[in-house]
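Good morning, and thank you for coming.

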Amino acid sequence: MSVVPDLRATDHRPGRRRFGRSLSASSLLAVAAVLGSVPSGPALLSAQTPEQRYSDWVRPGFRPQEYEFRRNRILDGLRATGGGLLLVPSSDGLTHGGTFRQLEDFWYLTGLEVPQSMLVLDARRDLSILFMPQRDPRFENPGRPNDFPGRPLLDDYQIRGIGGADDYRDITELEGFLRSHAGAGETFRVNAGAPGEVPDPVVPLIGSLDATASLIRRLRDDYPEAELANAFETVARLRMVKSPAEIMRMRRAADATMAGIRAAADLVRPGVDERTLQGEFERACRAAGAQSIPFTPIIKSGPNSLWPWRVLAAHYNRRNRGLQDGDLVIFDVGCEVNGYVSDVGRTFPVNGAFTDVQREKLLVSTRAAEAVIAAVRPGVTLRELTQVAYDAIPDGEEPYMQTPSFFGHHIGMSSGDPALLDEPLAPGMVFTVEPWYYNHDLGVSVFVEEVVLVTADGAEVLTDALPRDPAGLEGLVP
């Protein structure tokens with residue numbers, strides 16, 4: 001961050017001279033020109049950073065035909081469940097210093113990383129309309145034109161070739177569009193994030209609403225006469241099944257995550273702290289092609305390993321413990337490659353050898369995982385896999401196992417992709433299998449997590465190249 005100093009009073013200490021008045025703009029430029037730091041005269045006036053274009057910044061996407069296929073499938077699903085207008089908001093673009101990441105449904109259906117926009121899928125008219133700002137507000141700052149040279153959006157026709165929506169309109173037209181359709185009795189549809197009725201979000205006294213909750217709140221306040229319906233199941237059924245191009249990205253994310261775990265495991269030894277392992281994991285992931293980390297790596301040892309991530313994250317200093325001889329250290333980590341993520345877990349003995357009790361409990365977790373993986377095939381449901389896991393867990397160990405899910409979750413654009421527990425598995429679905437074991441009585445916690453792809457006749461474990469058996473895990477620790 002650059003700061004222009006105020007030359008009017010640069011030093012208030014006794015005995016130091018203070019400037020009595022500010023230098024004029026022309027005087028400042030003359031001084032700078034003498035020092036050789038900036039051009040003077042006409043050269044200064046003509047220096048201007050060229051206007052930026054979206055195509056200069058965007059990461060690789062899919063072919064326009066893939067986005068068109070996805071939108072058409074959603075439109076088919078909407079018509080089959082009552083029609084209406086599906087409203088899909090983008091991110092607001094306010095990243096608070098973090099790298100911008102588009103909201104998943106908008107990204108999935110358009111391929112665009114633009115802010116403050118809305119995709120509308122009109123089931124009755126078989127139409128997709130993208131409402132966008134004329135210009136990207138993040139690239140505008142009249143006081144600093146060289147640093148913020150502007151970026152057109154709505155009138156950039158290269159953008160229209162990426163996602164291929166049917167119609168593009170100014171975002172300022174959206175409210176009038178919604179008002180006219182509400183008056184005509186049109187049903188508004190939103191992805192509420194879970195099955196069931198659309199909730200009624202309440203603005204909290206502390207905190208804020210996410211983009212979808214904010215949209216729901218405005219629709220209810222502004223168009224109380226309009227019917228509001230949930231499109232979660234329609235969206236989930238499509239996003240649960242990954243295309244070959246999506247699966248390719250998920251393979252790369254799994255490979256990068258495994259490379260990161262191997263690199264960090266090579267540093268595991270007494271005296272090393274958890275954040276050192278986190279740093280090495282992230283370095284190796286990025287070296288393997290990952291652009292970002294989808295969630296803060298969960299690397300926890302000894303007593304820390306006994307607590308879920310939300311408990312540990314409640315206190316900053318609970319994420320930097322030094323490893324000790326006899327500890328276990330758990331990795332629950334992932335990385336992102338071109339918008340698709342991985343989520344992998346392993347448990348290592350800090351001194352390179354599991355105790356008999358640690359080995360026994362690790363096998364409780366791995367045997368449950370292997371039973372679930374062996375049962376994966378098209379037609380099986382996630383609820384049925386839950387029962388498979390319980391059947392593989394000794395009765396006395398069940399109180400210490402993660403419940404009540406199927407010991408995993410769908411992944412894709414996030415580590416919690418939308419899923420329906422009673423939807424039969426189909427080729428192309430990708431989910432994790434992660435039977436957690438937390439035994440506070442013994443002070444032992446162990447964990448394995450695999451990424452599983454449903455195939456035509458069973459399952460492929462995308463993370464199978466990373467050992468999960470006790471001997472293999474011991475072999476990764478120096």
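Let me begin with helix α12, residues 356-375, which has 20 residues and spans 29 Å from its first C-alpha to its last. That is close to the 28 Å expected at 1.5 Å a residue, where the expected span is 1.5 Å times one less than the number of residues. Helices here are DSSP runs of H or I with at least four residues, strands are E runs of at least two, and both are numbered from the N terminus.

A word on the basis of these values. This is a predicted model, in which local features need pLDDT of at least 70 and side-chain atom pairs count only at pLDDT 80 or more, while totals for chains, interfaces and linings use all residues. Residues are numbered from 1 along each chain as its sequence is written, and side-chain values use heavy atoms, with hydrogens and water left out.

The buried residues of α12 include L362, V364, V372 and I373, and also Q358 and K361. Buried means under 20% relative accessible area, exposed means over 50%, and partly exposed lies in between, with a 1.4 Å probe and protein chains only. Across the 478 residues of the protein, 49% count as buried. The secondary structure comes to 14 helices and 16 strands. Of the contacts with a separation of 6 or more, 68% are between residues 24 or more positions apart, a contact being heavy atoms within 4.5 Å.

I turn now to strand β11, residues 344-349. Since 6 of its 6 residues are buried, β11 is largely enclosed by the rest of the structure. Burial applies to both faces: V344, R346 and F348 lie on one side, and G345, T347 and P349 on the other. Strand β8, residues 328-333, runs antiparallel to β11 and is joined to it by 6 bridges; two strands pair if DSSP finds at least two bridges between them. Within this pairing, D332 has G345 of β11 as its bridge partner.

R138 lies between β3 (127-132) and α5 (157-163), and is partly exposed at a relative accessible area of 27%. Beyond its neighbours within four places in sequence, R138 is in contact with G93, F100, E113, P115, F148 and R151. Of these, F148 is 10 residues away in sequence and 7.9 Å away in space, C-alpha to C-alpha.

H96 sits in the loop between β1 (85-89) and α4. Although H96 is not a glycine, it has a positive phi of about 55 degrees, and its relative accessible area of 80% makes it exposed. Q116, in the loop between α4 and β2 (118-122), also has a positive phi of about 55 degrees without being a glycine. Q116 is partly exposed, at 38% relative accessibility.

Finally, how many cavities of 30 Å³ or more does a search of the whole structure find? There are 3. A cavity is a set of points on a 1 Å grid over the protein atoms alone where a 1.4 Å probe fits but cannot get out, and lining residues have an atom within 4 Å of a point. Grid points are joined across faces, edges and corners, and the volume is the space filled by probe spheres set on the points. The largest cavity has a volume of about 100 Å³. Of its 16 lining residues, F62, Y67, W107, R249 and N338 are the closest to the centre. Helices α3 (64-80) and α4 (104-110) each supply at least two residues of that lining.

How values were computed. On a 1 Å grid over the protein atoms alone, a cavity is a set of points where a 1.4 Å probe fits but cannot get out, and a pocket is an open set with protein on both sides within 12 Å along at least five of seven lines; lining residues have an atom within 4 Å of a point.
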